[in-house]
Every structure is written in C-alpha cells, then in structure tokens.
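Let's take a friendly walk through a protein model and look at two places in it. Keep the picture open while you read.

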Amino acid sequence: MRSEYDVVVIGGGPAGLAAAIKAKELGMDVLLLERREYLGGIPVQCVHPGFGLHYFGEDLTGTEFIHRFIEKFRGMGIEHYTNAHVLNVVSRSYWHKVLTVVTEEGLFEVRAKTVIYAAGARERHAFEIGITGHRVAGIYTAGEAQTMMDVYGVMPGKEIVIVGSGDVGLIMARRFTLEGAHVKAVVELMPYPGGLTRNVVQCLEDFGIPLYLSHAVTRVEGNKRVERVIVTRVDENLKPVPGTEEVIECDTVILAAGLVPYLKVIEKAGVEIDPATGGPVVNSYLETSVPGIFVAGNALVINDLVDYVVEQGEEAARGAYEFVKNGGLPSLRWRKLVKGRNVRLAVPHYLSDTRDTIVYARVKKPEENVVLRFPEIGKEVRLPFVKPSEMVRVKLRKEEIARAGGRITMEVVGDE
Amino acid sequence: MSEVKRFKLTCIVCPLGCEIEVEMEGDRITSVRGYTCPRGKGYAVQEVTEPKRTVMSVVPVKGGKFPTVAVKSDKPVPKELVPRIMRLLADVEVEAPVHVGQVIVENVLGTGANIVATREA
Ligand SMILES: Cc1cc2nc3c(=O)[nH]c(=O)nc-3n(C[C@H](O)[C@H](O)[C@H](O)COP(=O)(O)OP(=O)(O)OC[C@H]3O[C@@H](n4cnc5c(N)ncnc54)[C@H](O)[C@@H]3O)c2cc1C
Ligand code: SF4
C-alpha cells in the first residue's frame, strides 16, 4: 500500500467495485479496501436471480452479476486489498483525508484526496424491532444465514420462523425450503407484505408457507437454543394486542427486518445524517457535508436493485474526479430537494444545475395511478403504482433544475 | 361439454405482478385476461398447463476457496421436478477450479436443462 491516493474506495461490494472501475477509467489513482476475505459484497451470497435486468438487460443471479464486475475490476489491475478493515476516516483538510486500516499485517494509515464510502448497510437486530426474551443460539440475521448456507454450506436450522416479509425474507423462505428446512411462518408487522407480489407467489404460495400479516414476533424462548417464539397480533398502530399470543415451535429465528446504512466509519469525519434515509446528506455529486467524502450504494440509501447501486457508484466516481481535477467542487447554487405529499425519503438532498441528477425516492404508502410532480420546475411523471418497497427513480435534467429558485419539491399526487 | 375451470394467477415475470385469469374447458384454454404484455400471457398459459421454475442451489466443492459453489438450471424446469432435482444436487460434488457457466449436471432428469455454476470456485 502506498501512502497517498487520489481516491480510496471503502467497500468492495457492487457500489465500491463500480466506483473504482469508473474512477480508474477516468484516469484516477485508485485504492479499494474490502474487509471480508473476498470481493463482491452481498451478491456473492445471493444464488437467486433478479440481478442486472437494467444494467445488463439480462436476469442474472447475484453471483453471476457480481462475477462480471469482479472480472472487469481485476482486468484493470486496480490496487486493492481484502481482509482490510477501515476503522475510521478523518478529514485533516480539504485535500487530506486520513484512513486508519487494519490488515493482517497490522495497522496502516492511508491518505487520500477523496474517499468514496461504499460500505453497504447493516441488518436490524432483535432489540431494534422489539423482540424480548432469551438471547439463545439460533437467532440470525438473513445475511448471516445466507452466508452460512450459500457460501459456507452450513444449514442454520431445521424449523424456521422468519421475521419480515420484504424480498429478503421471502427469498430466504424459499431457499430454506428448497434445502429441506421447514419454514413454519413468515411474520410481518404491516397489514401488507413488504416484498414484491411475484416473490410472495414464488417463494411462499408455491410452498404453502403461511404469512402472518399484522403480526409481530414479540418473544423468543429457549434454553440453549431457540425452542419457540411468541407471535402476537398488532393493531392499526402496530401495538401488540394482549390476549392474541400464539406459540410457534421452532429452532431458528431469521431476522429480515430491514437494513440501515452502515455509517460508523465516517461518523468521526462529521458527515451530516438524514434521519429519513439513515444515510448521509448528499448533493448532486453524491458528496457528503464533508468536502471530498462521497458515498454510494446502501451506505447512501437502502436500494432494492443492485442496478441503482452501481449507478450511484459510478456517479460518486465522477464526483470524486471533478473534485480532484478542480481542487474541490465549485461552490454552486444548491436547490434543496423538499419532500412533499407521500414522499418518505429522497436523495440527493441538494441539486445543482451543473449536471443531470438522478433522484431516488421512496413513498410512505402504496397508491395507484399517481403523478410524481415537481411543481417548481413543472415536471410530471405518471406512474401506474407506487409502493414503499419499490424505489422510485427519476432523472432531472440540468435545464429543469435551473428553472427552480431555492427549492424543488417532490410530491406524489392522484391522477386527475 | 367438459367442465369449465378458472385459474387466478399473479404473473411472476416482472415486478408489476399483474393479476391474470385463465379459463379452461377440459384441456383447452378458452380465455386469458388481465395481462399487460405478451410475456405475461405466455407465463399464464405455461403456468396452467406445465408450470416451470428455475432451480438454484449450492453444491460442495473440493479444493476451492469456499466449501460450496452456487449453481442454477440454465432454463426453467417443470415445477414438480424441483424437489427431485434438489435431492439429486445434494449428492453432487465438484472439484475446483470451477468457472461461471461450467456445466455441473448435463440434461438434469431429462428436462433438457443443464445445471451450471454461477460462482467461481
Ligand atoms: C437477501 C438479499 C437479496 C437481494 N436480492 C436482490 C435482487 O434480487 N436483485 C437486486 O438487484 N438486488 C438484490 N439485493 C440488493 C443488493 O444486494 C444490494 O442493494 C447491494 O448489494 C448493495 O451494494 P453495496 O455495494 O452498497 O453494499 P454491499 O453489497 O453490502 O457491499 C459493501 C461491502 O463493504 C464492505 N465493508 C463494510 N464496511 C467496511 C469497512 N469498514 N472497511 C472495508 N470494507 C467494508 C463489506 O464487507 C461489503 O463487502 C438483495 C440483497 C439481499 C440482502
Ligand atoms: S403481464 Fe407483463 S407487465 Fe404484467 S407482470 Fe407479467 S410480465 Fe409484467
């Protein structure tokens, strides 16, 4: 490892690989650091299809999708290390970020003009979703179970209850069943499934797996290992209804209850955080509030499609390139993106009219036949439906952004 | 006249998830409604006559970086054969090196589909 780079990419998942490839193509001096023993991030453990439909125009498994990026990355001879965990990033000056990295050989400091932070997300754990009871063996997050089963070939259990019906929970239910485990229930807090209808059909209905809507796992019991869970109905305020408890015998609980951007590493650098996304506040260049620190992928906002993750990685690389070329991003007139009706989150938070900007957003509640409106710039996009589980992606051209004064509102309204 | 059967399906081809209704008289499909595109119609007809799915799994690998290699069927196979294919795969072991796309089981259970590797090992 040398001691100074134009850009250091933290994380070797799809966002980080895409960012490093693009940065190299732009002629930058790049280093990529990955803490696991292998490159590729989450898709390495995803043996199911559903990856790359937009990017490659083909339906690939996660493993196939990421293989293409890893091959390209290797082919370009980009300097990188696995088993290299970045502990923190400190911004010493506009031009100098210092990263502390732990490797098998010891502790290193690396300096960089810019950093692209692509460390992904962490999974929500039992205490965060209000599960009480015993902390016994047999409780795993979906990602842990998937890595055990699909990378290391070890089944996490036989009688399984899954918490959460997002696509992750649904896909895991199918994988467990196909591998011979008995999935006794998928338990969902909301009155509707969190994942795509096609996944409810292919992953649960195909196998007769019961889906408990408006229910929560409130307690896990067991001696050394999970022996049973208590499932309780919830009311419209999502509060457990006393007297509706039901016992399900099982030996394993899988938590598929959502992801949160993993920011611990750049918190010390002082990036501002958006409570709605759980990720940093960014501008059109995907630059955080700390100049020269860019962010992409699930560390920015939780993405369900890897294609968008890759797009963000490439965008962050372009941002870092502008920064290095010009000695920092020019101070521009930023328009604040304001969340209007039925918009729960939206990134980037500040838009400039120097570049076309892709906005990624999620709605609060499902609706049909709606219009996505940006009233200040007179833009409207008709959508047949919106759902909280599916990210809305829309491109704003720089001429459109230029039409706005200080703010651009984004709202979802009925189609009159 | 033979009996009229109605099937309600959710299309699984793309994320839209259209609700499709198929009517059959005996073995003959008399109407398909509710699809938004031809792929959906094709899926619905296939689903009521001979439902198919892509199989995915992992098989043990000797001498690789990891103990397993991920595999899938290179085209959809009859749904009712899926459990048998999974059991068959449980007894397969391969040796490293394995590259993406390499055939692991040829013409699995005579379906015309190959089981291919989707990860390197
Ligand atoms: C079960 C499941 C199913 C999915 N199915 C689909 C699907 O069908 N289709 C689809 O398009 N998408 C799917 N996704 C989503 C997709 O996998 C993610 O959106 C994508 O992987 C996010 O990429 P990323 O690079 O931001 O993060 P990750 O893939 O999580 O990569 C982050 C990387 O950063 C590394 N890292 C973290 N911290 C540090 C540190 N401090 N130092 C060094 N390295 C670090 C991690 O080890 C990891 O390798 C699925 C996700 C899951 C969990
Ligand atoms: S019918 Fe067409 S549009 Fe509707 S879900 Fe199927 S593939 Fe998608």
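We begin with the ligand and then turn to a single arginine.

This is a predicted model, in which local features need pLDDT of at least 70, side-chain atom pairs count only at pLDDT 80 or more, and totals for chains, interfaces and linings use all residues. Residues are numbered from 1 along each chain as its sequence is written, chains are lettered from A and ligands numbered from 1 in the order in which they are written, and side-chain values use heavy atoms, without hydrogens and water.

Around ligand 1 there are 35 residues, each with a heavy atom within 4 Å of it. They divide into 19 nonpolar, 12 polar and four charged; here Ala, Val, Leu, Ile, Met, Phe, Trp, Tyr, Cys and Pro count as nonpolar, Asp, Glu, Lys and Arg as charged, and the others, including Gly, as polar. With three residues, β3(A) gives the most to this shell; strands are DSSP runs (E, at least two residues), numbered from the N terminus.

Which side chain has a polar atom 3.0 Å from a nitrogen atom of ligand 1? That is the side chain of His48(A). The protein buries 94% of the 1,000 Å² that ligand 1 exposes when taken alone (Shrake-Rupley method, 1.4 Å probe).

Now find Arg119(B), in the segment after β10 (115–117) of chain B. Its side chain makes a polar contact with the side chain of Thr68(B) at 2.9 Å (N or O atoms within 3.5 Å, one able to donate a hydrogen and the other to accept it; residues adjacent in sequence count only if both atoms are side-chain atoms). A polar atom of the Arg119(B) side chain also lies 2.7 Å from the backbone oxygen of Val44(A).

Methods:
Helix = DSSP H or I, 4+ residues; strand = E, 2+ residues; numbered from the N terminus.
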